[in-house]
Amino acid sequence: MRIAVTGAGGGLGRAFVATASGAHEVHGFARADLDVRDHDAVIRALVPLEPEVILHCAAMTSVDGCEAEPARAAETNVLGSFNVAVAARRSGARLVAISTDYVFDGEKGATYDERDRPNPLSMYGWTKLAGERAAEAAAPDLLIVRTAWVFGSGSDFLSGAVRRLRAGEEIGGIVDQVGSPTHVVHLAERLLPLIGSDVRGIVHLAGPEPTTWHDVLVRAKRAGGLPGEVVAQKADEVGRPAPRPANSSLASVVLSGTGVPPMPPLDEAIERVLSDA
Ligand SMILES: NC(=O)c1ccc[n+]([C@@H]2O[C@H](COP(=O)([O-])OP(=O)(O)OC[C@H]3O[C@@H](n4cnc5c(N)ncnc54)[C@H](OP(=O)(O)O)[C@@H]3O)[C@@H](O)[C@H]2O)c1
């Protein structure tokens, strides 16, 4: 496949390019190469490539940053998705747009599957949901992949926390927010068969085990014999500007039967971070 990747300098973009490059013709566009807010630049960069698939990873991903700068969040996550969707339409490419568990409000109290109704709490969630809708409006051949709590790129929360625990430092882990921690390489390895399949619409693709960051940190400390201490924190004690859903864990009613292999267990993903960080 000829695959164009936006946001190729980010955690998922880098992991996907590394995973796919051996067997496919992959053209990665980091932010410095292509700002997705610039409609003309997006069309000029992507349409002449005639990609079969455009994997849209570019996004403003700082949840609190989006709350502080809503206009920039909307330009990036909504207008950017629209621009990439128009490029997909013009080039005849399938658009695979990456979205988030934060489109949900967490009120369900159980895992969300593809049939559940989004109701975001934060500017990040609103702009990502609006980005899904913008992609639906413009791209005739569309797969939206919602993922969650991505780690393992080196610059993510867990990789940093493991480095600090290894150095004997104390690290806080939230105990009252549940999600689906997802290793970025496990995600990239499953995205590849998924984007080449005939699955369309919305798919949830995330780690298999709903839990808290506190639990992940405790398991990492134990598995790695790390000397630092994990301190339990409540979400409302941390003082973050953007609200987060209390339980945004993801499940899928679509993936089984697609041939996409199941996600490895969380402990295997944690081991991978311990050996990389
Ligand atoms: N990380 C998670 O936990 C998580 C969870 C659920 C869903 N997702 C989704 O997964 C996708 C990939 O995110 P990620 O985890 O790889 O995060 P990331 O590391 O922050 O990658 C996002 C990339 O987009 C780039 N970008 C920002 N504004 C841009 C613009 N205007 N034009 C072009 N590129 C721009 C960023 O560049 P700069 O670094 O230079 O700003 C960054 O390289 C995103 O759609 C995100 O919403 C992530």
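This is a predicted model: local features need pLDDT of at least 70, side-chain atom pairs count only at pLDDT 80 or more; totals for chains, interfaces and linings use all residues.

Reply: Happy to! Setting aside the neighbours within four places in sequence, E114 is in contact with I202, V203, H204, S252, V253 and V254. Where does E114 itself sit? E114 belongs to the loop between β4 (94-100) and α5 (123-138).

Is E114 buried or exposed, or something in between? E114 has 16 C-beta neighbours inside 10 Å, so E114 counts as partly exposed. The reasoning is simple, because a buried residue needs 20 or more such neighbours and an exposed one has 12 or fewer.

E50, in the loop between α2 (39-46) and β3 (53-56), is exposed because 11 other C-beta atoms lie within 10 Å. W149, in the loop between β5 (142-147) and β6 (150-151), is buried because 26 other C-beta atoms lie within 10 Å. Both also have a backbone angle to look at. Most residues other than glycine have a negative phi. Phi of E50, however, is positive and near 50°, and W149, also not a glycine, has a positive phi of about 45°.

Now back to β4, which leads us to the ligand. β4 supplies at least two residues of the shell around the ligand, and so do α1 (11-20) and α4 (70-91). α1 gives the most, with three residues. There are 26 residues around the ligand, and those that come nearest are G7, G10, L12, A58 and A59. By class, the shell divides into eleven nonpolar, eleven polar and four charged residues.

Let's follow α1 to its meeting with another helix, α7 (residues 184-195). Two packed helices are described by the angle between their axes and the distance between the axes. Here the axes come within 9 Å and cross at roughly 55°, and α1 and α7 are therefore oblique to each other. The crossing of α1 past α7 is right-handed. On the α1 side, the residues that meet α7 are G11, L12, A15, F16, T19 and A20. Their partners in α7 are V184, V185, L187, A188, E189, L191 and L192. This contact is made of ten nonpolar, two polar and one charged residues.

Note on methods. Residues are numbered from 1 along each chain as its sequence is written. Helices (H or I, at least four residues) and strands (E, at least two) are DSSP runs, numbered from the N terminus. Two residues are in contact if their C-beta atoms, placed from the backbone, lie within 7 Å. A residue is near a molecule or strand if its C-beta atom, placed from the backbone, lies within 6 Å of it. Ala, Val, Leu, Ile, Met, Phe, Trp, Tyr, Cys and Pro count as nonpolar, Asp, Glu, Lys and Arg as charged, and the others, Gly among them, as polar. Axes are lines fitted to C-alpha atoms, for helices over the stretch in contact, and angles run from 0 to 180 degrees between N-to-C directions. Angles under 35 degrees count as roughly parallel, over 145 as roughly antiparallel, 65 to 115 as roughly perpendicular and the rest as oblique. A crossing is left-handed if the near helix is turned anticlockwise from the far one by less than a right angle, and right-handed if clockwise.
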